[in-house]
Amino acid sequence: MKNIRNFCIIAHIDHGKSTLADRLLDVTGTVTSREKKEQLLDSMDLERERGITIKSHAIQMEYMYEGENYILNLIDTPGHVDFSYEVSRSIAACEGALLIVDAAQSIQAQTISNLYLALEHDLEIIPILNKVDLPSANPEEVTDDIVALLGCKPEEVIHASGKTGFGVEDILKAIIEKIPAPKGDVNAPLQALIFDSVYNSYRGVETYFRVFNGEIKKGQRIKFMATKNEYNADEVGTLKLTQVAKQSVKAGDVGYLITGVKTAVEIKVGDTITDAVNPTQNRIDGFEDVKPMVFAGIYPVDTDEYEELRSSMEKLQLNDASLVFVPESSAALGFGFRCGFLGMLHLEIIQERLEREFDMTVITTVPNVSYHAFSNKHPDVPILVNNPTDLPEPSKLNRVEEPYIKASIITKSDFIGQVMSLCIEKRGQITNQTYLTPERVELTFEMPLAEIVFDFYDRLKTVSKGYASFDYHPIGLRTSKLVRLDVLLNGSVVDALSSLIHADNAYHIGKKMCEKLRQLIPRQQFDIPIQAAIGAKIISRETVKALRKDVTAKCYGGDISRKRKLLEKQKKGKKRMRQIGNVEIPQEAFMAVLKLND
């Protein structure tokens, strides 16, 4: 065990951690030149296209150092804030972390919040300055920032370049010398933490774990402590580029397990695996529950595919434990699910993964939160409103209460003005302002949860150049002046586009929604009116003009009445068509409503 090192990589998005991981794999000879490719650990097409890491990936490397053979288990982590849940799980399975900072961009918010996560778990931090070969790199200044953040010495910061491979040997040396070897007792009862799981359509669920005590053997009877289910360990092994089956995986090591479980719900990430015959009494803790930020409905385009969508969502939930969903139904879209996401990028990624990995075409509704409505008849009995269509008519409505949150935002002092004006625009009230250092300030706000759902996160990142980190917790319900904004197409309400909005913003948002939909809805053979309404009152209207055939083309000269007769005939046809015409709404229209500020 003294020759095992478990470590993860933490960094802000786009600071080069996947490239640096590639170099580590090259130097340790884990990959042959034939297997080599860019972003080797990013196995999803989506990850390679967007250049971001979405899933944590684990891989084992072997390295000779001073005549001894060491086993290094690397767990690569995502950098985008929407996937911080993945990071917290990887950190729980490690003893050390490589903190990578871009020499051109300096320290950013996600670096800091992931660093705090790592420090809470007492991980040994190795600071690395990446991309030092760039012409725009500023190594001295960024090194000073790292020293101020970590309190280390300037010479402890390793200069490296993921592109050229400079400094990679130094990093491996630091991993072996500084990161402590895992502690644990091989003879104690088995105790292993599940930090990830992947669904394989041929072999069922593959569980990735880190053994803290004892050992897990092939064929052993094991038990999952949270679900209390028992299984046989059909296959265990370690994770190289491909899986390597072993007879047993001992304390301190990272490996995979196949039990033949086919249903996703039975394996919970963060659960403890133990021996069924001689179980351990202590569960491994240090796992926090996920906090969904955004709720939206996901519906199959074809209602017959509801059951397929359910099983696809369950399999996705296995790969992404931060996805939460419950069934719901809608008048316009039939049966579907109300899902909780960590942010707008998370929502987009889930939607794309459903389409790519499971061939499911889905419709996503406007995201929102849960409200309590009270009617005039029973002013003390709350009606739970998860969907805007559940809200009573304005004439019967007594009041609506919406959930409020206490938000704390940490940002650089240069951006206080922009962050404050954004929060005030979102109906926030500032309650506190504390300077953590002369450069960093913490702002505390009370604001409605509904306001952070749409684009708050993305805009906060924009106004603070990616430096602001954001956290929140609920503080109960408060009465607000809310109205239901409906969108009518061709005179009929589209319930998937309805949303609950504060009365002061309703006119402005209604107008923007109509303008946006006019650009996105394809032209038909008849005029399509797009209207925004509150109750029976129309507050905005746009029209998608009809496609017209030039019916007068064959009339050369002659009497005007001939042309008029043809045009009148066309007009009657269009009118009749409009009564029976159906308007198809493209999927982009549902998503575009969320990006009204673009």
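This is a predicted model: local features need pLDDT of at least 70, side-chain atom pairs count only at pLDDT 80 or more; totals for chains, interfaces and linings use all residues.
Visitor: Why is K554 called exposed?

Guide: The relative accessible area of K554 is 61%. Exposed means over 50%, so K554 is exposed. K554 is placed in the loop between β31 (537-544) and α13 (560-580).

Visitor: Which residues gather with K554 in a patch of positive charge?

Guide: On the surface, K554 is grouped with K549, R562, K565 and K569.

Visitor: What makes E95 buried?

Guide: E95 has a relative accessible area of 14%. Buried means under 20%, and therefore E95 is buried. The loop between α3 (84-92) and β4 (96-102) holds E95.

Visitor: How do you know whether E140 is buried or exposed?

Guide: For E140 the relative accessible area is 57%. The cut-off for exposed is over 50%, so E140 is exposed. E140 belongs to helix α5 (residues 139-150). A surface patch of negative charge brings E140 together with E141, D144, D145, D414 and E439.

Visitor: Which residues of the largest nonpolar core touch the most other members?

Guide: They are F341, L354, I409, F456 and F470, in a core of 49 residues. Strand β23 (residues 397-412) contributes the most to this core, with 5 residues. Another core lies apart from it and has 31 residues, including V157, L193, Y208 and V254.

Notes: Residues are numbered from 1 along each chain as its sequence is written. Side-chain values use heavy atoms; hydrogens and water are left out. Patches are made of residues with over 30% relative accessible area and no salt bridge: like charges are joined within 9 Å, nonpolar side chains (Val, Leu, Ile, Met, Phe, Trp, Tyr) within 5 Å. Accessible areas come from the Shrake-Rupley method with a 1.4 Å probe; for residues, only the protein chains shown count as cover. A salt bridge is a side-chain nitrogen of Lys or Arg within 4 Å of a carboxyl oxygen of Asp or Glu. Lys and Arg count as positive and Asp and Glu as negative; His and the chain ends are not counted. The place of a charge is taken as NZ of Lys, CZ of Arg, CG of Asp or CD of Glu. Helices (H or I, at least four residues) and strands (E, at least two) are DSSP runs, numbered from the N terminus. Buried means under 20% relative accessible area, exposed over 50%, partly exposed in between (1.4 Å probe, protein chains only). A nonpolar core is a set of buried Ala, Val, Leu, Ile, Met, Phe, Trp, Tyr and Cys residues joined through side-chain atoms within 4.5 Å.
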